[in-house]
Amino acid sequence: SPQQVIGMLAILKAGAAYLPIDPAYPPERIRYMLEDAGAGVVLVDAAYEVFSVQYSVSSDEAEPNTEHSPDASRETPASTLSSRLQVINLAELNTEHLPSENPNTPLLPDNLAYVIYTSGSTGRPKGVLLQHRGLTNLVLAQIEGFAIHEHTRELQFASFSFDASVSETFTALCAGATLVLAPRERLLSGPDLLRMLHEERISVATLPPSLLAVLPHTDLPHLKTLVSAGEACSWDVADAWGQGRRFINAYGPTEATVGPTYGIVADFSRRGGATVPIGKPIGNVKVAIVDDALQPAPVGVPGEIAIGGVALARGYLNRPDLSAAKFAPDPLLPGQRLYRTGDLARWLPDGNIEYLGRLDTMVKVRGFRVELGEIEAVLENHPAIQSAVAAVRNNQLAAYYIPRRDDPGAEALRAHVAAQLPGYMTPGYFIALDAFPLTPNGKIDRNALPLPDISQLSFSADYVAPRTPTEELLAAIWTDLLKVERVGALDNFFELFTAGSTPACPNRGAYPCQLIAGQLFPTADD
């Protein structure tokens, strides 16, 4: 709402830092964020019931917040904060008696601008502390790179609690452009979104590629710059939506102020990778591809993306241990830091960066490390597949995909994957979907992907019944161990082991099966 933007600007003009909270969050999550941040004032644009509750901050739960104050000398320990929040409803605020001139608030580049809470591995969200220095650098770089000016109409697509909104809001306002707001339900409905882009004459928009992939391609003559961000972008999406406009692929974690890299797709000199490169670093930002020791990786060699320069956050609020682990000293620049993103990438010969996936999306299958992004890339290279997501379900690999038109079927996809990847990387489940579930921010919600049924396991295309007593015995054993309906004579041992339920190791003698090598692997004399 407009009050949301007005409140955010008011907070910054007052020299404070803003903390966006989605009222749709569960009350306990909101309570945790307010207490963890040591917030004293809440601005709302309506009388949300959740904020009518008086959140108390007890001295035994709170910690000193000297880390995140714009001026640490003015910081008060959380234990001395008011025991009740002051809730100000901007929709009901009478401003007639308030001064209209800007306050004379001294601000420095290192002062805190905003705090964004992101998901934490402990189940509790963690607050990322971003400064004016990084925000200003981002806005100036993107205004120029996205060609934003006073005649631009820029869409506010991202949720206020998601850091992409920082880019959308401030690039528009600082360039003198028009920021177009819309109800959330309209943004997440494909037909409504396309209609709004046309009716509101949107000229700059940032949309996640998973959303672009399922939107029907529509003529949008006013849309001059389209930015893909938040996820890996396929070449199909770039080709479909890049015609007649500037198509940009951007990348960045919250800890590096939204978007430290971007690239204009038309400028890329090679298309060898499965996904569109994420471009080059913006000014005053260092991006390195490093090994485990934070040493630079050669061109073409995969490594972790590490980011330095003015874009870096201070760290995590009240989490000095995590801050020290993720924001490591730069071994090549004493006194500087590098944020370890956990993202895998490599330098391309033309100086752009190719994103390869998440280090933490690696899973283990029968002791082998598997990068789920590699499976997804192979599936998306199939001409009948529009988009694909790999995940671990029932302790096994599962492939979810959206067909372009006709569903090629599990067996065709299994053969396609098996021709390019080792057997242990071939999913046991192949599940066709009309669309992927999305989070409120438009990203693929992997946790909401449907759980496959054991009956959906895909083995050999043609069932051949066991033909000998030995085959019958082995089939019975594996049917029992893997909890599958049947095992045929032509089924692949490794596919069965990979795709079926993880078998418990039976005690010796649990099954009456004693085989010599010649019974499993025929000898030259047989």
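The accessible surface of this protein comes to about 25,800 Å², and carbon and sulfur atoms account for 53% of that area. The model is a predicted one. Of the 526 residues in the protein, 46% are buried.

The chain forms 15 helices and 22 strands. Contacts can be sorted by how far apart the two residues lie in the sequence. Among those between residues at least 6 apart, 60% join residues at least 24 apart.

A search of the whole structure finds 12 salt bridges. One of them joins the side chains of Arg 133 and Asp 110, with an N to O distance of 2.7 Å. Arg 133 belongs to helix 4, which covers residues 132-145, while Asp 110 lies in the loop between strand 2 (86-89) and strand 3 (112-118). The two residues are 23 apart in the chain, and the pair links distant parts of it. How far is each partner exposed? Arg 133 has a relative accessible area of 33%, so it is partly exposed. Asp 110, with a relative accessible area of 41%, is partly exposed as well.

Another salt bridge is formed by the side chains of Asp 343 and Arg 358, at 2.9 Å from N to O. Here the partners come from two strands: Asp 343 is in strand 16 (residues 337-347) and Arg 358 is in strand 17 (residues 353-358), 15 residues apart. Is Asp 343 buried or exposed? Residues under 20% relative accessible area count as buried, and Asp 343 is at 6%, so it is buried. Arg 358, at 24% relative accessibility, counts as partly exposed.

Glu 354 and Arg 346 also form a salt bridge, and their closest N and O atoms are 2.8 Å apart. Glu 354 is buried because its relative accessible area is 5%, which falls under the limit of 20%. Arg 346 has a relative accessible area of 25% and is therefore partly exposed.

Aromatic side chains make up the next group. A pair of aromatic rings is described by the distance of the centres and the angle of the planes. The search of the whole structure finds 6 aromatic pairs. In one of these, the rings of Phe 146 and Tyr 262 have centres 5.5 Å apart. Their planes stand at 75 degrees, so the pair is edge-to-face. Phe 146 is in the loop between helix 4 and strand 5 (153-155), and Tyr 262 is in strand 10 (residues 261-264), 116 residues apart. Both Phe 146 and Tyr 262 are buried.

The rings of Tyr 251 and Tyr 355 have centres 6.1 Å apart, and their planes meet at 40 degrees, so this pair is tilted. Tyr 251 is in strand 9 (residues 246-251) and Tyr 355 is in strand 17, which places the partners 104 residues apart and links distant parts of the chain. Tyr 251 and Tyr 355 are both buried.

Rings can also join in a group: ring pairs link Tyr 18, Tyr 114 and Phe 160 into a cluster. Finally, a charge and a ring can meet. The charged end of Arg 184 sits over the ring of Phe 157, at 5.2 Å from the centre of that ring.

Note on methods:
Residues are numbered from 1 along each chain as its sequence is written. This is a predicted model: local features need pLDDT of at least 70, side-chain atom pairs count only at pLDDT 80 or more; totals for chains, interfaces and linings use all residues. Side-chain values use heavy atoms; hydrogens and water are left out. Helices (H or I, at least four residues) and strands (E, at least two) are DSSP runs, numbered from the N terminus. Buried means under 20% relative accessible area, exposed over 50%, partly exposed in between (1.4 Å probe, protein chains only). Contact means heavy atoms within 4.5 Å. Accessible areas come from the Shrake-Rupley method with a 1.4 Å probe; for residues, only the protein chains shown count as cover. A salt bridge is a side-chain nitrogen of Lys or Arg within 4 Å of a carboxyl oxygen of Asp or Glu. Rings of Phe, Tyr and Trp (its six-membered ring) pair if their centres lie within 6.5 Å; planes under 30 degrees apart count as stacked, over 60 as edge-to-face and the rest as tilted. A charge sits over a ring if NZ of Lys or CZ of Arg is within 6 Å of the ring centre and within 35 degrees of the ring normal.
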